[in-house]
Amino acid sequence: MTAFRNPLRPKLQAGQATLGFWVTLESATVTEIAAEAGVDWIVVDMEHGCLSYRDALDHIRAAKGSDLAVIVRVPTTTVDTVKRALDLGAHGVLLPLIRTAEELRAGFGHARYPLTGQRGLGGERAVRWGAAVESYVACANDETMVIPVIETADAIANIDAILDVPGLEAIFFGPSDLSQSLGHMAVWEGPGVADMILRTAAKATERGIANGVIGTSPEDIARRQEQGFRMIGLGSDAGLLLRHLKRAVEACRPGALA
């Protein structure tokens, strides 16, 4: 029986710039298409929108047998949300609104089995309904990623302590929310935020921690690769569909082909 493995971790450890996107739509076909396209990771977003644990399960199942890592962005950093997402078989969790090292350590505690954490053992999908308890538990603490989203001024103020939390392998920036926490509303990167993110990313890189961010355009994605980001989001499933559909509609309007 094959042991549980996270396909994202070796790519990050090798310094590879990986590509992914946010899943906000219910259909697991989105994840099947992502795997077919060679996407490295997806984030199933349960913080915003309408996705349920049932939807998350469908997306995780759709990735089975592929090289696609499935991360679940839980709605809150609590034992029930983290435990349930991981029991479904997710490769990791994205923790929103982490402001302090204490909050991140609590998230790790929810995601780790004793003796390093307090994750309870359930006979769910992750352990193949009890058929793979021993092999899963033997590697889950190492393979399961816990990724905080750095999206508040408090997180930036406490970043050194956050980055020093044991077991941290990656952080993900939320530029828009970070900008809002600094008083710059409804913008992607407010005044000074871009430089703030790069300074923070440099601190993470010095510690061997990967940095993630969503790209805003092909040019921005190329720039993020040059800046050393190793988890780069292409956008969301709905956003990608909308942008491509709008371009196709505009190109095919009467007169556009004249």
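**Entry 1. Aromatic rings**

I count two rings of Phe, Tyr or Trp as a pair if their centres lie within 6.5 Å. With that cut-off I looked for clusters, and ring pairs link Phe4, Tyr113 and Tyr136 into one. The model I am reading is predicted.

Next I asked how many aromatic pairs a search of the whole structure finds. The search returns six. I went through two of them in detail.

I took Trp22 and Trp41 to begin with. Their ring centres are 6.3 Å apart and the planes stand at 80°, an edge-to-face pair. Trp22 belongs to strand 1 (residues 18-23) and Trp41 to strand 2 (residues 41-45). The two are 19 residues apart, and the pair links distant parts of the chain. I then checked the cover on each residue. Trp22 has a relative accessible area of 8%, so I list Trp22 as buried. Trp41 is at 0%, so Trp41 is buried too.

Then I turned to Phe173 and Phe229. I find 6.2 Å between the ring centres and 70° between the planes, so this pair is edge-to-face. Phe173 sits in strand 6 (residues 170-173). Phe229 sits in the loop between helix 11 (218-226) and strand 8 (231-236). The pair therefore ties together parts that are 56 residues apart in sequence. Phe173 has 2% relative accessible area and is buried. Phe229, at 1%, is buried as well.

**Entry 2. Charges over rings**

I looked for charged ends placed over aromatic rings. I noted Arg224, whose charged end sits over the ring of Phe229, 5.0 Å from the ring centre. Phe229 thus has two entries in my notes, because its ring also pairs edge-to-face with Phe173. I also noted Arg84, whose charged end sits over the ring of Tyr53 at 4.1 Å from its centre.

**Entry 3. Salt bridges**

How many salt bridges does the count come to? I get 14. I opened several of them.

I started with Glu169 and Arg9. Their closest N and O atoms are 2.9 Å apart. Glu169 is in the loop between helix 8 (159-163) and strand 6, while Arg9 is in helix 1 (residues 8-13). The two residues are 160 apart in the chain, and the pair links distant parts of it. Are Glu169 and Arg9 buried or exposed? Both are buried.

Arg207 and Asp164 came next. Their side chains meet at 2.9 Å, N to O. Arg207 lies in the loop between helix 10 (193-206) and strand 7 (210-214), and Asp164 in the loop between helix 8 and strand 6. The pair therefore ties together parts 43 residues apart in sequence. Arg207 is partly exposed, with 34% relative accessible area. Asp160, Asp164, Lys203 and Arg207 are linked in a network of salt bridges.

I also opened the bridge between Arg105 and Glu102. The closest N and O atoms are 3.2 Å apart. Why are Arg105 and Glu102 separated by about one helical turn? They are three residues apart in helix 5 (residues 101-111), which accounts for that separation. Arg105 is partly exposed at 41%. Glu102 is exposed at 51%.

**Entry 4. Cysteines**

Cys50 has a relative accessible area of 52% and is exposed. Cys252 is exposed too, at 56%.

Which residues form a nonpolar patch on the surface? I find Leu241, Leu245 and Val249, with about 270 Å² of accessible area together. I placed Leu241 in helix 12 (residues 237-252). Its relative accessible area is 54%, so I list Leu241 as exposed.

**Entry 5. Gly235**

Gly235 is in strand 8. Its relative accessible area is 10%, so Gly235 is buried. I also took the C-alpha to C-alpha distance from Gly235 to Ile162. The two are 26 Å apart in space and 73 residues apart in sequence.

Notes: Residues are numbered from 1 along each chain as its sequence is written. Side-chain values use heavy atoms; hydrogens and water are left out. Patches are made of residues with over 30% relative accessible area and no salt bridge: like charges are joined within 9 Å, nonpolar side chains (Val, Leu, Ile, Met, Phe, Trp, Tyr) within 5 Å. Accessible areas come from the Shrake-Rupley method with a 1.4 Å probe; for residues, only the protein chains shown count as cover. A salt bridge is a side-chain nitrogen of Lys or Arg within 4 Å of a carboxyl oxygen of Asp or Glu. Helices (H or I, at least four residues) and strands (E, at least two) are DSSP runs, numbered from the N terminus. Buried means under 20% relative accessible area, exposed over 50%, partly exposed in between (1.4 Å probe, protein chains only). Rings of Phe, Tyr and Trp (its six-membered ring) pair if their centres lie within 6.5 Å; planes under 30 degrees apart count as stacked, over 60 as edge-to-face and the rest as tilted. A charge sits over a ring if NZ of Lys or CZ of Arg is within 6 Å of the ring centre and within 35 degrees of the ring normal.
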